[in-house]
Amino acid sequence: MVNEYPQVMTIAGSDSDGSAGMQADLHTFFTRKVYGISVMTACVAGNSYGIHASVSLPQDFINQEFADIAEDFKVKATKTGMLADSALIKNVVENYQKYDFGPLIVDPVIMTKHGNMLLEESAFETLRRLLVPIATVITPNFYESEKLTGMKIKNDDDLEVAAHKLQDMGAKNVVAKGYHQDETQKKVCDFVLLESGKSFWLSAPYHHTTHINGTGDSLSACIAAEIGKEKGIEEAIRTAKDYVNMAIGSEISVGHKFGPINHWAPNN
């Protein structure tokens, strides 16, 4: 039958070294056995040493991508990645509300895992005002939770409060990732708050490696993939946590410096 196979979409930029962005999402979709569809928003030129150039795609082209996908495919779930400016965020929200692309998983790419700002303040405000309220699941890293809520998170109790604040902002389900910058820590703990009010912690070993590019992309992509296969939200989140942990823990030798996680590991 037409469109019977699970189809999942990523709205993101292309990362030329394949470690993050749209490429990480598509690696994850392939591994999780869903068909990956994409709306490309930008292109980044870079490698394991760093990013050296980027270009945003025209709004008319992005609109055409959305229209063509909606005309032909049955998208069961969608995730967002890096959305560089206010105009693009507004474009994505408008198209998502115009078409039926399933539940939305928002990876709010605002700050790096080291706390450096990636968005201009105006774009951040647009993301917080327009994109967060339509998220079925939101997956902020530690610093993004602080930025979105205006809190200084000092302990586990604070992270729980932040998750509730994110839910109050409109996100139905929250995966608030824990702090993972301490070389002495043994594990990373994330707090999950579901729409039902149920909450729990997910923990995994802390891996000492420079091969962590695409970790956040892959977590949100895996959640989208599992939802696309009609798994429940909680099961999708738990599967994604395990998937990323295995992918980080089985280092793959690619590039000279900062490398990708190993998308093959969960299948080994």
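**Labels and their cut-offs**

Mentor: Gladly! Helix α8 (residues 233-249) has 17 residues, so at 1.5 Å a residue it should span 24 Å, and its end C-alpha atoms are 24 Å apart, which agrees. The expected span is 1.5 Å times one less than the number of residues. Helices are DSSP runs of H or I with at least four residues, strands runs of E with at least two, numbered from the N terminus.

Trainee: What should I know about the source?

Mentor: This is a predicted model, where local features need pLDDT of at least 70 and side-chain atom pairs count only at pLDDT 80 or more, while totals for chains, interfaces and linings use all residues. Residues are numbered from 1 along each chain as its sequence is written, and side-chain values use heavy atoms, leaving out hydrogens and water.

Trainee: Which residues of α8 are buried?

Mentor: Among them are Ala236, Ile237 and Tyr243; buried means under 20% relative accessible area (1.4 Å probe, protein chains only). Their cover includes α1 (21-31) and α7 (215-228).

Trainee: Which residues touch the most other members of the largest nonpolar core?

Mentor: Met9, Phe66 and Leu131, out of 44 residues. Helix α3 (residues 86-98) gives the most to this core, with five residues. A nonpolar core is a set of buried Ala, Val, Leu, Ile, Met, Phe, Trp, Tyr and Cys residues joined through side-chain atoms within 4.5 Å.

Key:
Buried < 20%, exposed > 50% of the residue type's maximum accessible area, 1.4 Å probe, protein only. Contact = heavy atoms within 4.5 Å.
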